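Good morning, and thank you for the time.

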Amino acid sequence: MEFAFSGRVIEWRGPAPYYFVPVPDEESADIREVAAMATYGWGVIPVEARIGEVAFQTSLFPKDGGYLLPLKVAVRKPSGLTAGEEVTVEMTVRLHETQPR
């Protein structure tokens, strides 16, 4: 399941700051439809994503009926991404392999 969307980088303050791109409502609804085939627990959804030239693997965090795409330092630094910037994301939800019976 592949997606492309744009979103604004947000900062989540805590003991250490975390950065995310919220997944838009329409894409979040599509992901919820396949969540059971993708999640490995706690509602997180494994994905492969790309922002610019930086490709990475991570897991979407569920939040208020939608999802947040976490941006590690290794993803943000090469492109100089900071809170408030608009980014374009290409993302593939990694579904579990179904085993033949």
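Predicted model: local features only at pLDDT ≥ 70, side-chain atom pairs only at ≥ 80, totals over all residues.

Let me begin with Val34, which is buried at a relative accessible area of 12%; buried here means under 20% relative accessible area, exposed means over 50%, and partly exposed lies in between, with a 1.4 Å probe and protein chains only. Residues are numbered from 1 along each chain as its sequence is written, and side-chain values use heavy atoms, with hydrogens and water left out.

Val34 is placed in helix H1; helices (H or I, at least four residues) and strands (E, at least two) are DSSP runs, numbered from the N terminus. What does Val34 touch, if residues up to four places away in sequence are not counted? The partners are Met1 and Leu95, where contact means heavy atoms within 4.5 Å. The C-alpha atom of Val34 is also 9.0 Å from that of Val93, which is 59 residues away along the chain.

Let me now turn to the overall architecture. The protein has two helices and seven strands, and along the sequence they follow the pattern β-β-β-α-β-β-β-α-β. Its C-alpha atoms fill a box of roughly 50 × 30 × 25 Å along the principal axes. Among contacts with a separation of 6 or more, 58% join residues 24 or more positions apart.

Of the 101 residues, 38% count as buried. The protein exposes about 6400 Å², and carbon and sulfur atoms supply 52% of that area, computed by the Shrake-Rupley method with a 1.4 Å probe; for residues, only the protein chains shown count as cover. As to charge, the mean positions of the 10 positive and 14 negative charges are 9 Å apart. In that count Lys and Arg are positive and Asp and Glu negative, with His and the chain ends not counted; each charge is placed at NZ of Lys, CZ of Arg, CG of Asp or CD of Glu.

The interior comes next. In soluble globular proteins, nonpolar side chains tend to be buried together. A nonpolar core is a set of buried Ala, Val, Leu, Ile, Met, Phe, Trp, Tyr and Cys residues joined through side-chain atoms within 4.5 Å. Which members of the largest nonpolar core touch the most other members? They are Ile31, Ile45, Leu60, Leu69, Leu71 and Met91, out of 25 residues. Two or more residues come from each of strand E1 (2–8), strand E3 (18–23), helix H1 (25–38), strand E4 (45–51), E5, E6 and strand E7 (86–93). Leu71 itself, apart from residues up to four places away in sequence, touches Val9, Tyr19, Phe20, Val21, Ile51, Phe56 and Arg76.

That brings us to strand E5, where Phe56 lies. Phe56 is buried, with a relative accessible area of 12%. Beyond residues up to four places away, Phe56 touches Val47, Glu48, Ala49, Arg50, Ile51, Leu69, Pro70, Leu71 and Val75. By contrast, Phe56 and Glu85 are 29 residues apart in sequence and 19 Å apart in space, C-alpha to C-alpha.

Gln57 is also in strand E5. With neighbours within four places set aside, Gln57 is in contact with Val47, Glu48, Lys72 and Arg94. The C-alpha atoms of Gln57 and Pro46, eleven residues apart along the chain, are separated by 7.5 Å.

Thr58, again in E5, counts as buried because its relative accessibility is 14%. Not counting residues up to four places away, Thr58 touches Ile45, Pro46, Val47, Leu69, Pro70 and Arg94.

Two loop residues remain. Tyr40 sits in the loop between H1 and E4 and is partly exposed, at a relative accessible area of 47%. Leaving aside neighbours within four places, Tyr40 is in contact with Pro46, Ser59 and His96.

Is Asp64 buried or exposed? Asp64 counts as exposed because its relative accessibility is 74%. Asp64 belongs to the loop between strand E5 (54–63) and strand E6 (66–70), and has a positive phi of about 50 degrees although it is not a glycine.
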